[in-house]
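Trainee: I have a structure to read and some questions to ask. Can we go through it step by step?

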Amino acid sequence: MRKQLHVISDGELSLEAFAEIAGEVEPFADKFHLREKHRTSRELYEGVKLLRNEGIPIHKIVINDRVDVAWAFNAGVHLAFHSLPVHMVKMHFPDLKVGCSVHSLEAAEKAAKQGADYILFGHIFETDSKKGVPPRGTGSLEALKKAVDIPVLAIGGIKPEKVPEVLEAGADGIAVMSGILQAKDPVEAAKLFSKKLNEEGK
């Protein structure tokens, strides 16, 4: 199965800037997450429209936390620990693709049991966005992957040269923020991640 590349907004770029980068890297990415904790549902609605205007198909768009906005567009939704439980979302919105961020084996097993379509696990390596918090490492990723039978994507400090290590631990793909959004050339960065994911994954 092809390894996935998810690009996650960082909450710092304007929605216009994120949409513009998304449009440029779209051929190399599988999903674009609007992870904008400080924005209203109306702003997220506008964000989805911006992504669509840049040619991003709806099946590639994922809304973090806001089930209402995801439902309005029939986009994917990605849940965090403070979001609604997976089984509640699945029960009321059976057609929505539901991802879930987890930070432990127990949380992963629970999310899988409740019907999550995939899991995002991290942070795997040291990252500026989690300063002072020890990374979970590829050993934890490997253990988690063996415990659940749904796709597991790795996040956190993943640079292109780290991709083989993450795939070796069993990851079905990776999620990237600054590695693409803050790159001098986002298109080249996305192309390199995609190449690493799929040459190493064969």
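This is a predicted model: local features need pLDDT of at least 70, side-chain atom pairs count only at pLDDT 80 or more; totals for chains, interfaces and linings use all residues.

Trainee: Now helix α6, residues 137–147. Within what arc do its buried residues fall?

Mentor: The buried residues are Gly 137, Thr 138, Leu 141 and Leu 144. Look down the axis of α6: they line one face of the helix, because they fall within an arc of 135 degrees.

Trainee: Which elements do those buried residues pack against?

Mentor: Both strands and helices are on the list. The buried residues of α6 pack against β5 (98–102), α5 (105–113), β6 (118–122), β7 (152–155) and α7 (163–168).

Trainee: Glu 142 and Lys 146 are also in α6. About how many helical turns separate them?

Mentor: Their side chains meet in a salt bridge, 3.6 Å from N to O. Glu 142 is partly exposed at 35% relative accessibility, and Lys 146 is exposed at 69%. Being four residues apart in α6, they are separated by about one helical turn.

Trainee: Why would residues at that spacing point the same way?

Mentor: Residues three or four places apart do so because of the number of residues a turn in an α-helix, which is 3.6.

Trainee: How far apart are the closest N and O atoms of Glu 46 and Arg 42?

Mentor: Both residues lie in helix α2, four residues apart. Glu 46 is partly exposed, at 30%. Arg 42 is exposed, at 57%. They form a salt bridge, and the closest N and O atoms are 3.4 Å apart.

Trainee: Lys 90 and Asp 117 form a salt bridge too. Is Lys 90 buried or exposed?

Mentor: The closest N and O atoms of this pair are 2.8 Å apart. The bridge links distant parts of the chain, with Lys 90 in helix α4 (residues 86–92) and Asp 117 in the loop between α5 and β6, 27 residues apart. Asp 117 is partly exposed, at 24% relative accessibility. The cut-off for buried is under 20%, and Lys 90 has 19%, so Lys 90 counts as buried.

Trainee: How many salt bridges does the whole structure hold?

Mentor: Some are joined up: Glu 36, Arg 39 and Glu 43 are linked in a network. A search of the whole structure gives a total of 12.

Trainee: Next, the rings. Is the pair of Tyr 45 and Phe 73 stacked, edge-to-face or tilted?

Mentor: The structure has two aromatic pairs. In this one, the ring centres are 5.5 Å apart and the planes are at 35 degrees, so the pair is tilted.

Trainee: How many residues apart in sequence are the parts that this pair ties together?

Mentor: Tyr 45 is in helix α2 (residues 41–53), and Phe 73 is in helix α3 (residues 67–73). The pair ties together parts whose separation in sequence is 28 residues.

Trainee: How far apart in space are Ser 41 and Val 69, C-alpha to C-alpha?

Mentor: Ser 41 is found in helix α2. Ser 41 touches Arg 66, Asp 68 and Val 69. In sequence, Ser 41 and Val 69 are 28 residues apart; in space, the C-alpha to C-alpha distance is 6.4 Å.

Trainee: One more. Which residue lies over the face of Phe 125?

Mentor: Look for a position 4.6 Å from the ring centre. The residue there is Lys 162.

Terms used. Residues are numbered from 1 along each chain as its sequence is written. Side-chain values use heavy atoms; hydrogens and water are left out. Buried means under 20% relative accessible area, exposed over 50%, partly exposed in between (1.4 Å probe, protein chains only). Helices (H or I, at least four residues) and strands (E, at least two) are DSSP runs, numbered from the N terminus. The arc is that of the directions from the helix axis to the C-beta atoms. Contact means heavy atoms within 4.5 Å. Rings of Phe, Tyr and Trp (its six-membered ring) pair if their centres lie within 6.5 Å; planes under 30 degrees apart count as stacked, over 60 as edge-to-face and the rest as tilted. A charge sits over a ring if NZ of Lys or CZ of Arg is within 6 Å of the ring centre and within 35 degrees of the ring normal. A salt bridge is a side-chain nitrogen of Lys or Arg within 4 Å of a carboxyl oxygen of Asp or Glu.
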